[in-house]
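Subject: A structure for you to look at

Hi,

Here is the structure I said I'd pass on. Have it open in your viewer while you read the rest of this message.

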Amino acid sequence: MIVAERKPIQEILSMISGLRKILILGCKGCVTVCSAGSEREVMILATIIRMGRKKKDEPIELVERTLVRQCDPEFIDQLSDSIGQFDAVLSMACGVGVNFLADRYPKTIALPAVNTKFYGVAEEQGVWSERCAGCGDCILNLTGGLCPVARCSKGLFNGPCGGSVNGKCEINPDINCVWQLIYDRLKGLNQLDKLDEILPVKDWGVSSHGGPRKIVREDLKI
Amino acid sequence: MSDTFKPEIIAFCCHYTIYNFARDLQGLTKSGFPENVKIEKVSCSGRVARVHLLRTLEEGADGVYVVGCEEEKCHNGAGSRRAKKRSEYVKDVLLQLGMEPERTEMFFMPRGDEAKFIDIAREMVEKIKALGPSPLRGK
């Protein structure tokens, strides 16, 4: 899932300073799963904002709504009848949702209430960590299913750097060295021979270095 | 702070913690429970969500607290520990809003300990009196 985290309260209050009627818009997709922008988080943020504005004697009218997803036209277009009444929409979706709001409603101010962090997993309740960098050319078949692009601090492709100590990363000892994990896993799978293959220089053109990416599936288009 | 300030305080209380005396609120008051603390009984302190605490403060309460089972003896396992985490979340929100985090607290209490329950309420009243009225009161 895409993992996000709510922005600091003062940053949000500063962003909406002077605005009087705002739609706080949650999303039932990834940000609900990672508890950043669910219906419940919308309720909490709305309460916090009202408290902050009351304290400054600057009341605000807030409408709370949560869409199934903010990244699909059939859901984001559900706002078309009502969006004109708001000074701004404060989206609790990931950055994708905010962008799509801005794309679909050129006359509406679209503001982000969360920082979008990474594609990751829930390690346990309340703990998320990164697993995929969306680099556009997956090599997990060669690395035991563990990604050196997302999980090596240096993004190395052919084994660990010299700084791996006891399976930990020299950048941050809380991080497991993914190349140690890859080696251990391939050894356990009797696939150490996969490490004999030297991975060529990665084509970052299919990653974000090549500009905004797009997929077109003619078989699905109507 | 003026002695005339009578804080409005809401106490979310776990049913199991106060089961033996909660039905007799008049008796509780006679035993010294402050009249300005309103009890909201819940099935488990873990049922108290962050938004319940926040909305209570938003609506102008001067203080809000939760009373739940002892940390390792929660009737429902982890309810009171969850409540503690939520109280800490609300404290952080108050801090970020420039309000006193002491306006919310979590208390763990042995089941049925009426004297301790009264002490907690009095402690909260004194603490909030020292802080003064909530800046959201009447707004």
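Below is what turned up, starting with the build of chain A and ending with the pockets.

One thing to keep in mind: this is a predicted model.

**Chain A as a whole**

Chain A has 7 helices and 7 strands. If you walk along the sequence, they come in the pattern β-α-β-α-α-β-α-β-α-β-β-β-α-α. The C-alpha trace of the chain spans about 65 × 45 × 25 Å along its principal axes. Its radius of gyration is 22 Å, while a compact globule of 222 residues would have one near 17 Å.

**The sheet**

Next, find the open sheet of 4 strands in chain A, which is ordered β3-β2-β4-β5 and paired in parallel. The edge places go to β3 (61–67) and β5 (110–112) of chain A; each has a single partner strand, so one side of each has no neighbour in the sheet. On average, neighbouring strands here are turned by 25° against each other, ignoring direction.

Start at A:Leu23, whose bridge partner in β4(A) is A:Val89. Then look for helix α5 (residues 95–104) of chain A: this helix lies across β2, β4 and β5 of chain A, and it runs at about 170° to β5(A).

The largest pocket holds about 1200 Å³ of space. Its lining has 34 residues, and those nearest the centre are A:Ser35, A:Glu41, A:Gly126, A:Trp128 and B:Arg50. By type, the lining divides into 14 nonpolar, 7 polar and 13 charged residues.

The second largest pocket has about 540 Å³ of space. It is lined by 20 residues, with A:Ile2, A:Cys71, A:Cys94, A:Val96 and A:Gly97 nearest its centre. You'll meet helix α5 of chain A again here: α5, α2 (30–33) and β6 of that chain each supply at least two residues of the lining. This lining divides into 11 nonpolar, 6 polar and 3 charged residues.

How values were computed. Residues are numbered from 1 along each chain as its sequence is written. Chains are lettered from A and ligands numbered from 1 in the order in which they are written. This is a predicted model: local features need pLDDT of at least 70, side-chain atom pairs count only at pLDDT 80 or more; totals for chains, interfaces and linings use all residues. Side-chain values use heavy atoms; hydrogens and water are left out. Two strands pair if DSSP finds at least two bridges between them. Axes are lines fitted to C-alpha atoms, for helices over the stretch in contact, and angles run from 0 to 180 degrees between N-to-C directions. Contact means heavy atoms within 4.5 Å. On a 1 Å grid over the protein atoms alone, a cavity is a set of points where a 1.4 Å probe fits but cannot get out, and a pocket is an open set with protein on both sides within 12 Å along at least five of seven lines; lining residues have an atom within 4 Å of a point. Grid points are joined across faces, edges and corners, and a volume is the space filled by probe spheres set on the points. Ala, Val, Leu, Ile, Met, Phe, Trp, Tyr, Cys and Pro count as nonpolar, Asp, Glu, Lys and Arg as charged, and the others, Gly among them, as polar. The radius of gyration is taken over C-alpha atoms; the globule rule is 2.2 Å times the number of residues to the power 0.38.
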